[in-house]
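User: I'm new to reading protein models, and I'd like a close look at one part of this one. Could you take me through the salt bridges slowly, and then show me what surrounds them?

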Amino acid sequence: MIDAALYLAGRSLVNGLRRRLRRLRQPKYMIGFAVGLLYYYAFFLRPRGGGQSSAASLPGAAAEVVAMLGLAVLILTGWLFGSSRSPLVYTPAETHFLFTAPLTRRQVLDFKLLRSQLALGLSSLLSVLLFSGGHFPATRILRVLGLWLVFASLQMHSAVTALVRQSLEEHGVTAVRRRLGAFVIVAAIVGAAALTLRAQFGIVQDAFVEGPVAGFDTLAAVLHRGLLGVVTWPLAALVGPAVSRDLATFAARLPAALLVLGVHYVWLIRSSIAFEEVAVESAERMATRIAAWRSGRRPPPIAGPAKPTRRALTRLRETGSPARAIAWKNIQAEWRGSGVRLPVIIVIGLIVVAWVASMGEEAGSGLFVLAVLFLVFGGLAIVFGPYGLRNDLRSDLQLWDLLKTYPLRGADLVAGEVLGPVTVLTAIAWGCLLGAFTLSLMIDVNDFPVADRVAALLAVAIATPAALAVTTTIQNAAVLFFPAWITLGPARATGIEMIGQRLVTMVGSAVVLVVALIPAAVVGAVAVAIAGVTGITGVWLAVPGAIAVAVTLVFEVIMAFAWLGRVFERSDPATEIGGTG
């Protein structure tokens, strides 16, 4: 069975490479491939002085601490916001042949795990190469092996998480009660660890004041001591080989990492009660999607276990603007698709704020850091949100021919598609801004009075919706004009050529965005000058400037809606859908 698994994995890799090479005959993929290679060489593979990778250049115990915290974030994110779909997806052929063969459930699972190890090994090698700065000494192979142990353990951990989440979805309260004891134990351990970390917060803070090396060394000592050390031991054991600097250290840390990997394997075997059902369902889903995409249509939704439907945020009136109805539809899709993410994020945020605020004299710096994080998250939502939130034409154009049959103007359709994600991102950005402003009232910021903070809050809040509308409109215009270069739907195509295509479209979008901002900047400057003449001074000058900028951008967006609407009305679905392949 091992020989068969390795043979199939090798042939799949070779066939995949041949398919990608044949695809390079098309100009759009060849251009994207060339740009992708230049990008990787310029930022990752070009030799740099020193010969040290980013991980090796971190001071003291920083590499281990950063790796442990990153791994903890990935695991917690998987449990809180992960999917019930297993990463061990079986193709229809594997389902038909393996599940009817004289193999035990464990042998079938071993087969799939063995097949996936080649891909994980290549991912480990590429990850080390990309961050090696053009240098790959013999000791770097140890990092590849250590990273493979991390990837393999995360794969099995994700599979167990998916099985547990599916069981909870299918059995509801019964499954929760069956695991209530385990949940209580985990919550108690995490709570005790948090209290331990809180008690040592001052020591860690003082160490970082002395310097980053002392700070990371102190934080590493805290993470390895007492109850917190027991909780973080699996994380430290797993990342240990990957951050080892020599063969002796790697050999000393390898047994603990193999133990963590073995525990995950046993855990996966014992948790695979619903293994066959999950595998068959995944294979049926994949077969349906393949058949649908080959016919040029969006795959229909596959019936699954009944899930409670989240209530709509607002009720849509029976009469009104078509654009409002489409925007409402996209907002509800994002709201219902988020599951429990938003409530969990809010609860976690409130717990963190309350925890930091209860630290007495040491709370000031903690609240300042939280305020900065709120601003960072808000900025990320404004800058990158339109690229990540795709509940607009980038999803709905999968049903291009159906949209053409709707009895509404193209401008109304484009407006509704754009306003949906803009509304969601505006709410996120405003929430982050309000959170940062509220936290700033709890700390002393001598150089930035409260009145100036209010002015800055108003200016940014006024300009945010207009800026998001411009960026999102540009993304929707790109998919209308160049559907062959934009991936339709939530899934993202992979490969160097696709990365190159995204870079080309991102540069083009940036150029269009700069052109759109020039008139708004001119009008804003005039408004600021006029406000200065009337006696407005200081940060409050930003408010009339933001109003002028927002009005100008909204005017540009309305003009773009009319133009893109005519483009949509003249489009041919058969030609455009055929061009996306």
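Analyst: Let's start with a word you'll need: a residue is called exposed when its relative accessible area is over 50%, buried when that value is under 20%, and partly exposed in between. Keep in mind, too, that this is a predicted model.

Now to your salt bridges. The structure holds 3 of them. Take aspartate 396 and lysine 329 to begin with: their side chains meet in a salt bridge, with N and O 2.5 Å apart. Aspartate 396 belongs to helix α17 (residues 393-396) while lysine 329 belongs to helix α14, so this pair ties together parts that are 67 residues apart in sequence. How covered up are the two partners? Aspartate 396 counts as buried because its relative accessibility is 13%. Lysine 329 has 33%, so lysine 329 counts as partly exposed.

Next comes arginine 394, which forms a salt bridge with aspartate 392. Here the closest N and O atoms are 2.7 Å apart. Both arginine 394 and aspartate 392 are buried.

The remaining pair is arginine 409 with aspartate 412, and their closest N and O atoms sit 3.1 Å apart. Is arginine 409 buried or exposed? Its relative accessible area is 51%, so arginine 409 is exposed. Aspartate 412 has a relative accessible area of 17%, so aspartate 412 is buried.

Let's move on to the nonpolar side of things. The largest nonpolar core has 31 residues. Among those with the most contacts inside this core are Leu393, Leu397 and Val414, along with Val470, Leu480, Phe561 and Phe568. Which helices supply at least two residues each? They are α14 (322-337), α18 (400-404), α19 (410-440), α20 (450-481), α21 (496-533) and α22 (542-570). Of these, α20 gives the most to the core, with 8 residues.

Phe368, Val369, Val372, Leu373, Val376, Phe377, Leu380, Val383 and Phe384 make a nonpolar surface patch of about 800 Å². Let's pick out two of its members. Phenylalanine 384 lies in helix α16, and phenylalanine 384 counts as exposed because its relative accessibility is 52%. Leucine 373 is found in helix α16 too, which covers residues 363-388. With a relative accessible area of 36%, leucine 373 is partly exposed.

Arg11, Arg18, Arg19, Arg22 and Arg25 form a positive surface patch. Arginine 11, one of these, is in helix α1 (residues 2-23). Its relative accessibility is 33%, so arginine 11 counts as partly exposed.

Finally, have a look at helix α5, which runs over residues 105-130 and includes serine 127. Serine 127 has a relative accessible area of 24%, so serine 127 is partly exposed. Leucine 147 is 20 residues from serine 127 along the chain, and their C-alpha atoms are separated by 8.6 Å. Arginine 105 is in helix α5 too. At 37% relative accessibility, arginine 105 counts as partly exposed.

How values were computed:
Residues are numbered from 1 along each chain as its sequence is written. This is a predicted model: local features need pLDDT of at least 70, side-chain atom pairs count only at pLDDT 80 or more; totals for chains, interfaces and linings use all residues. Side-chain values use heavy atoms; hydrogens and water are left out. Patches are made of residues with over 30% relative accessible area and no salt bridge: like charges are joined within 9 Å, nonpolar side chains (Val, Leu, Ile, Met, Phe, Trp, Tyr) within 5 Å. Accessible areas come from the Shrake-Rupley method with a 1.4 Å probe; for residues, only the protein chains shown count as cover. A salt bridge is a side-chain nitrogen of Lys or Arg within 4 Å of a carboxyl oxygen of Asp or Glu. Lys and Arg count as positive and Asp and Glu as negative; His and the chain ends are not counted. The place of a charge is taken as NZ of Lys, CZ of Arg, CG of Asp or CD of Glu. Helices (H or I, at least four residues) and strands (E, at least two) are DSSP runs, numbered from the N terminus. Buried means under 20% relative accessible area, exposed over 50%, partly exposed in between (1.4 Å probe, protein chains only). A nonpolar core is a set of buried Ala, Val, Leu, Ile, Met, Phe, Trp, Tyr and Cys residues joined through side-chain atoms within 4.5 Å.
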